[in-house]
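The sequence and the model are shown first.

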Amino acid sequence: QVKLITRGHLLLAAANGLIPGVFSLSSWDLVGALPVSGEEVDKRTQDGDYRWHNRGGVDLMGANPEAKASAFGLPRAKALYGTLPHQLKDPDSFTSRLKRMLAARRQYRVGEGELLAVPEPSGPGLCVLILKLPDHPVAVTVLNFAREETGIDLDLGEFGKDLPKGQWTDIVTGKPGGTAAGGRLQLRLPGLTGTTLVPGGPK
């Protein structure tokens, strides 16, 4: 269940991080904090702000593993992913994989990009965005919210007419991620996965 939650959580991060604009996330995201309850939380929700259930105490660095509550008085949340030092030792952890995604976002300057189009996806659970990045006139972000691997056949329309055929690169993995020909991009994307592709093979 934790592995499935991690995949879904990373997909949500990709839905925010692999599009133009600002990206942010919380300390609760980083450790996979579960909601909390208790008297201290109930007192803070009297005005109808139930977000306090998602603001439990977290220990990012594992500095005080015996603490039962935060300095603010909120109960300690159960952390599904563990502390940052623990996660960074595991290349498959949420934080390690998020780190790779954010490195790709920075390298390809996705945050500085421009949204060109939102074409109709070829299957349920898919979201496809055609982007313009500072160093790439066309890039494609694909998000697969289905649990099953999905084949994608995307008509790039006017944005693909001048693109050469051949491999496209998955910016997160640095590996071939799809093939373009005749103004169409074809790829397969695992379930609960998001990525961005740019024309050309891996360098």
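On a 1 Å grid over the protein atoms alone, a pocket is an open set of points with protein on both sides within 12 Å along at least five of seven lines, whereas a cavity is a set of points where a 1.4 Å probe fits but cannot get out; lining residues have an atom within 4 Å of a point. Grid points are joined across faces, edges and corners, and a volume is the space filled by probe spheres set on the points. The model is predicted: local features need pLDDT of at least 70 and side-chain atom pairs count only at pLDDT 80 or more, while totals for chains, interfaces and linings use all residues. Residues are numbered from 1 along each chain as its sequence is written, and side-chain values use heavy atoms, with hydrogens and water left out.

**Overall layout**

The protein chain has five helices and eight strands; helices (H or I, at least four residues) and strands (E, at least two) are DSSP runs, numbered from the N terminus. Their order from the N terminus is α-α-α-α-α-β-β-β-β-β-β-β-β. The C-alpha trace spans about 60 × 35 × 30 Å along its principal axes. Of the 203 residues, 38% are buried, where buried means under 20% relative accessible area, exposed over 50%, and partly exposed in between (1.4 Å probe, protein chains only). A contact means heavy atoms within 4.5 Å. Among contacts with a separation of 6 or more, 61% are between residues 24 or more positions apart.

**Pockets and cavity**

The largest pocket has a volume of about 500 Å³. It is lined by 23 residues, and Arg-97, Val-172, Thr-173, Thr-193 and Gly-194 are the closest to its centre. Helix 1, helix 5, strand 6 (176-181), strand 7 and strand 8 (193-199) each supply at least two residues of this lining. The largest share, four residues, comes from helix 1.

The second largest pocket holds about 260 Å³ of space. Of its 13 lining residues, Lys-3, Thr-6, Asp-90, Asp-92 and Ser-93 lie nearest the centre. Helix 1 gives the most to this lining too, with four residues, and helix 4 (84-88) and helix 5 each supply at least two.

The table gives the lining of each space by class. Ala, Val, Leu, Ile, Met, Phe, Trp, Tyr, Cys and Pro count as nonpolar, Asp, Glu, Lys and Arg as charged, and the others, Gly among them, as polar.

| Space | Lining by class |
|---|---|
| Largest pocket | eleven nonpolar, six polar and six charged residues |
| Second largest pocket | four nonpolar, four polar and five charged residues |
| Largest cavity | five nonpolar, three polar and one charged residues |

**Nonpolar cores**

A nonpolar core is a set of buried Ala, Val, Leu, Ile, Met, Phe, Trp, Tyr and Cys residues joined through side-chain atoms within 4.5 Å. In the largest core, of 23 residues, Leu-98, Met-101, Tyr-108, Leu-133, Ile-171 and Val-198 touch the most other members. Helix 1 (2-17), helix 5 (94-107), strand 2 (126-133) and strand 3 (136-144) each supply at least two residues of this core. A second, separate core of 15 residues includes Leu-126, Val-140, Trp-168 and Leu-187.

Beyond four places in sequence, Val-198 touches Tyr-108, Leu-133, His-136, Ala-139, Trp-168, Thr-169 and Ile-171. His-136 is found in strand 3 and is buried at 17% relative accessible area. With the same exclusion of neighbours within four places, His-136 is in contact with Tyr-108, Val-198 and Pro-199.

**Salt bridges**

A salt bridge is a side-chain nitrogen of Lys or Arg within 4 Å of a carboxyl oxygen of Asp or Glu. The count comes to ten salt bridges.

Glu-40 pairs with Arg-44, with the closest N and O atoms 2.7 Å apart. Both lie in helix 3 (residues 39-44), four residues apart, about one turn of the helix. Glu-40 is partly exposed, at 23% relative accessible area.

Asp-49 and Arg-55 meet at 3.6 Å, N to O. Asp-49 is buried at 16%, whereas Arg-55 is partly exposed at 21%.

Glu-149 and Arg-188 meet at 3.0 Å, N to O. This pair links distant parts of the chain, 39 residues apart: Glu-149 is in the loop between strand 3 and strand 4 (150-155), and Arg-188 is in strand 7 (residues 184-189). Glu-149 is partly exposed at 47%, and Arg-188 is exposed at 53%. Shared partners also join Glu-40, Lys-43 and Arg-44 into one salt-bridge network.
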